[in-house]
Amino acid sequence: MGPTFRQVVLDCTDARALAEFYRRLLVWDYRPGDELLRPGVETGHDKDWLVLRNPDGGVQLAFQQVDRLPEASWPDPTPIPQQLHLDLTVDTVEDLDAQHERVLEFGGRLLLDRSDHPDEPLRVYADPAGHPFCVFVA
């Protein structure tokens, strides 16, 4: 038997800001102690390491503070490849369009739009820290 896959960890220069972006987008909650008491006031856990819990169980998303992080240059693989990206799915093209508006509202930016692709409509975004992620119809 192998180990259990617990979480994906994203390095970032502002762990709280990136955690908030994904908390709002995914509609997930912080692990107890990681949430803000009120705007600008951190809780007892280390603000340099925050965790969002998947309400369905399964893999979580964590955020680790680093001093500097060069942004991926995708779709140009040079000079800085993306190294990893997150795949998020929706059920319909209408859902894809609705999520597009949410991503932009929360601070993401569009990198590639293939929403009119007949087999796999998708959009690729950069989160506020520059990590690429996809939203596609599955």
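This is a predicted model: local features need pLDDT of at least 70, side-chain atom pairs count only at pLDDT 80 or more; totals for chains, interfaces and linings use all residues.
1. Where does Q83 lie? Q83 sits in the loop between β4 and β5. Q83 counts as exposed, because its relative accessibility is 74%. Its backbone also deserves a look: the phi of Q83 is near 65°, a positive value in a residue other than glycine.

2. While you are in that part of the chain, look at P75, which also belongs to the loop between β4 and β5. The peptide bond leading from W74 to P75 is cis, and its omega is near 15°. For context, most peptide bonds are trans, and most residues other than glycine have a negative phi.

3. V27 is another residue to check for its backbone. V27 is not a glycine, yet it has a positive phi of about 60°. You will find V27 in the loop between α1 and β2 (29–30). With a relative accessibility of 59%, V27 counts as exposed.

4. Now for the helices. Two packed helices are described by the angle between their axes and the distance between the axes. Here, helix α1 (residues 15–26) packs with helix α2 (residues 93–106) at an angle of about 155°, and the axes are 10 Å apart. The two are therefore roughly antiparallel, since angles over 145 degrees count as such. The crossing of α1 past α2 is right-handed.

5. Which residues in α1 meet α2? They are F21, R24 and L25, and their partners in α2 are Q99, R102, V103, E105 and F106. Sorted by class, this contact of α1 with α2 has 4 nonpolar, 1 polar and 3 charged residues.

6. Next, please turn to the largest nonpolar core, which has 25 residues. The residues with the most contacts inside this core are L10, Y22, L25, L61, F63 and F133. At least two core residues come from each of β1 (7–12), α1, β3 (49–53), β4 (60–65), β5 (86–90), α2 and β8 (132–137). Helix α1 gives the most, with 6 residues.

7. Setting aside residues up to four places away in sequence, F133 touches F21, Y22, L25, H85, L86, L88, V103, R123, V124, Y125, A126 and D127. Of these, F21 and L25 in α1 and V103 in α2 also take part in the contact between the two helices.

8. Leaving out residues up to four places away in sequence, Q60 touches R6, Q7, V8, W28, V51, L52 and R53.

9. P128 is found in the loop between β7 and β8 and counts as partly exposed, at 45% relative accessibility. P128 and F21 are 107 residues apart in sequence, while their C-alpha atoms are 7.6 Å apart in space. Apart from neighbours within four places in sequence, P128 is in contact with L18, F21, F106 and G107.

10. D119 has its place in the loop between β6 (109–114) and β7 (122–126), and D119 is exposed, with a relative accessible area of 68%.

Key: Residues are numbered from 1 along each chain as its sequence is written. Side-chain values use heavy atoms; hydrogens and water are left out. Axes are lines fitted to C-alpha atoms, for helices over the stretch in contact, and angles run from 0 to 180 degrees between N-to-C directions. Helices (H or I, at least four residues) and strands (E, at least two) are DSSP runs, numbered from the N terminus. Angles under 35 degrees count as roughly parallel, over 145 as roughly antiparallel, 65 to 115 as roughly perpendicular and the rest as oblique. A crossing is left-handed if the near helix is turned anticlockwise from the far one by less than a right angle, and right-handed if clockwise. Contact means heavy atoms within 4.5 Å. Ala, Val, Leu, Ile, Met, Phe, Trp, Tyr, Cys and Pro count as nonpolar, Asp, Glu, Lys and Arg as charged, and the others, Gly among them, as polar. A nonpolar core is a set of buried Ala, Val, Leu, Ile, Met, Phe, Trp, Tyr and Cys residues joined through side-chain atoms within 4.5 Å. Buried means under 20% relative accessible area, exposed over 50%, partly exposed in between (1.4 Å probe, protein chains only).
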